[in-house]
Amino acid sequence: MKVALIGCGFFAMNQLHGWKDIDGVEVVALCDRDEERLSVASALFDNVRTYKDAAAMFADGGFDTVDIATTVSSHRPLVEMAAAHNVHVICQKPFALNLEDARAMVKAVEATGKTLMIHENFRWQSAVRAVIEEVRSGVIGTPFFGRVSFRSGYDVFSGQPYLAEGERFIIEDLGIHILDISRALFGDATRIAATTRRINPKIKGEDVATMLLEHEGGVTSVVDCSYATHRSPETFPESLLEIDGEKGTIRLDAGYKMSVQLGDDVTERDVAPPVLDWASRPWHNIQESVRIIQQHFVDCIAAGAEPETSGRDNLQTFALVEAAYLSAKEHRTVELADL
Ligand code: NAD
Ligand code: 89Y
């Protein structure tokens, strides 16, 4: 697979290291409007073409996959450009600025027969994945309640200053991941009710959100996130999980501790992620999931299968984001079918 990456910023460095670790993948071209970022990223490779303009990179071609690692406002034009050049696409979250754009991008790539996957990596974090697999194995029977919780006081604004500037913050940036974990655990949701707050006066958007979801299979889940929570020890970037089933309970507690309780019998497992040689704490959890989701993408293309977080699948996660904002704004429960 020959990969071209657009957007050599803060997070793309993880994606570039991830690609280097995957057999059969070669990064052949890089694009960023910013010369300095382009130069830092290209230093990771012996022989890579560099571009300041994505259209020029597509015109030169020589790759079959594009990895879009820019922030959201450029996603639609870049995905449509990729579709026009008939390549597979991985696009970072949040997929789109609105549902209409997200649907248009899915349609554009589907028309080419190529794969579109959203880089929705939290469900691929190894600790989260261990819980997803345990739930899917049926060990606790049919789940009836879940909680997906991400609460932190970590300064994300120093690495990603744009997060302080948008009208929308935590649901669109982070809540999107934990809403997706809830979908991976309990299936699609039919209704959502949400409240939001802004605690940090230095930012524009909301930094606290509490969401209540009703899922198709009957599970009720509480999905809550905050970047205004003082915690010691700080748990960034861990998602903490709690699932009650008819036969037992599964928890993922702080410090990557998973426990499965069946009756009075409790089994505990350390599901801490490895620190890859290019990774660093506390980001290692997210960094490992980048390599895992990229491997999933490569495997799906080889097998002719649809990735778990394909563009089409991600429309459901993205709809939850839109519905959560609408619910918080209008103080009402939103039916997903109405969007
Ligand atoms: P960033 O601002 O640091 O980097 C984006 C880069 O894209 C910049 O260098 C910019 O110059 C370049 N760029 C923008 N538009 C371009 C265009 N049209 N052509 C060429 N270059 C262009 O942003 P970031 O923090 O790296 O975030 C990028 C995306 O990754 C965001 O959507 C963010 O939500 C997502 N992200 C995902 C995770 C995750 O765990 N999945 C974590 C952090 C960030
Ligand atoms: O941008 C966000 C993401 O996707 O994961 C964590 C993050 O970097 C900050 O909230």
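Across which strands does helix α9 (residues 311-330) lie, and at about what angle does it run to β8 (189-197)?

**View 1. Helix α9 lies across strands of the sheet.** The model is predicted: local features need pLDDT of at least 70, side-chain atom pairs count only at pLDDT 80 or more, and totals for chains, interfaces and linings use all residues. Residues are numbered from 1 along each chain as its sequence is written, while chains are lettered from A and ligands numbered from 1 in written order. Helix α9 lies across β8, β9 (208-215) and β15. The helix runs at about 55 degrees to β8. Axes are lines fitted to C-alpha atoms, for helices over the stretch in contact; angles run from 0 to 180 degrees between N-to-C directions. Helices (H or I, at least four residues) and strands (E, at least two) are DSSP runs, numbered from the N terminus.

**View 2. Nine strands form an open, mixed sheet.** The order is β14-β13-β12-β11-β7-β10-β9-β8-β15. Strands β14 (265-270) and β15 (334-335) stand at the edges. Each has a single partner strand, so one side of each lacks a neighbour in the sheet. Strands pair if DSSP finds at least two bridges between them. Inside the sheet, β11 (residues 240-245) and β12 (residues 248-253) pair antiparallel over four bridges. There, I243 has I250 of β12 as its bridge partner.

**View 3. G175 sits in helix α7 (residues 170-186).** G175 counts as buried because 29 C-beta neighbours lie inside 10 Å. The burial scale uses C-beta atoms placed from the backbone: buried means 20 or more others within 10 Å, exposed means 12 or fewer, and partly exposed is in between. Beyond its neighbours within four places in sequence, G175 is in contact with I170, A209, C225, V321 and A324. Contact here means C-beta atoms, placed from the backbone, within 7 Å. S126 is 49 residues from G175 in sequence. Their C-alpha atoms are 19 Å apart.

**View 4. Domain 1 touches domain 2.** Domain 1 spans 2-114, and domain 2 spans 122-279 + 310-338. These bounds come from an automatic or database domain assignment. The C-alpha centres of the two domains lie 27 Å apart. Domain 1 brings 13 residues to the contact, and domain 2 brings 14. On the domain 1 side, helix α5 (residues 99-110) gives the most, with six residues. That side has nine nonpolar, two polar and two charged residues. Nonpolar covers Ala, Val, Leu, Ile, Met, Phe, Trp, Tyr, Cys and Pro; charged covers Asp, Glu, Lys and Arg; the others, Gly among them, are polar.

**View 5. Ligand 1 lies between the domains.** Both domain 1 and domain 2 give residues to its shell, so ligand 1 lies between them. The shell holds 26 residues. The closest are G7, G9, F10, F11 and T70. By class, the shell has eleven nonpolar, nine polar and six charged residues. A residue joins a shell if its C-beta atom, placed from the backbone, lies within 6 Å of the molecule.

**View 6. Ligand 2 has its own shell.** The residues around ligand 2 are V156, Q160, D173, L174, H177 and P237. Three are nonpolar, two polar and one charged.

**View 7. Helix α4 (residues 75-84) is mostly covered.** Seven of its ten residues are buried. They are H75, R76, L78, V79, M81, A82 and A83. These buried residues pack against β1 (2-6), α3 (54-60), β4 (65-68), β5 (88-92) and α5. Just after α4, N86 takes a positive phi of about 60 degrees.

**View 8. Strand β4 is covered on both faces.** T65 and D67 are buried on one side, V66 and I68 on the other. Strands β1 and β4 pair parallel over four bridges, with I6 opposite I68 of β4. Strand β4 also runs parallel to β5, joined by four bridges. D67 stands opposite I90 in β5.

**View 9. M1 lies in the segment before β1.** M1 counts as partly exposed because it has 18 C-beta neighbours inside 10 Å. Not counting residues up to four places away in sequence, M1 touches G24, V25, D64, T65 and V298. Q261 is 260 residues from M1 in sequence and 43 Å away, C-alpha to C-alpha.

Methods. Two residues are in contact if their C-beta atoms, placed from the backbone, lie within 7 Å.
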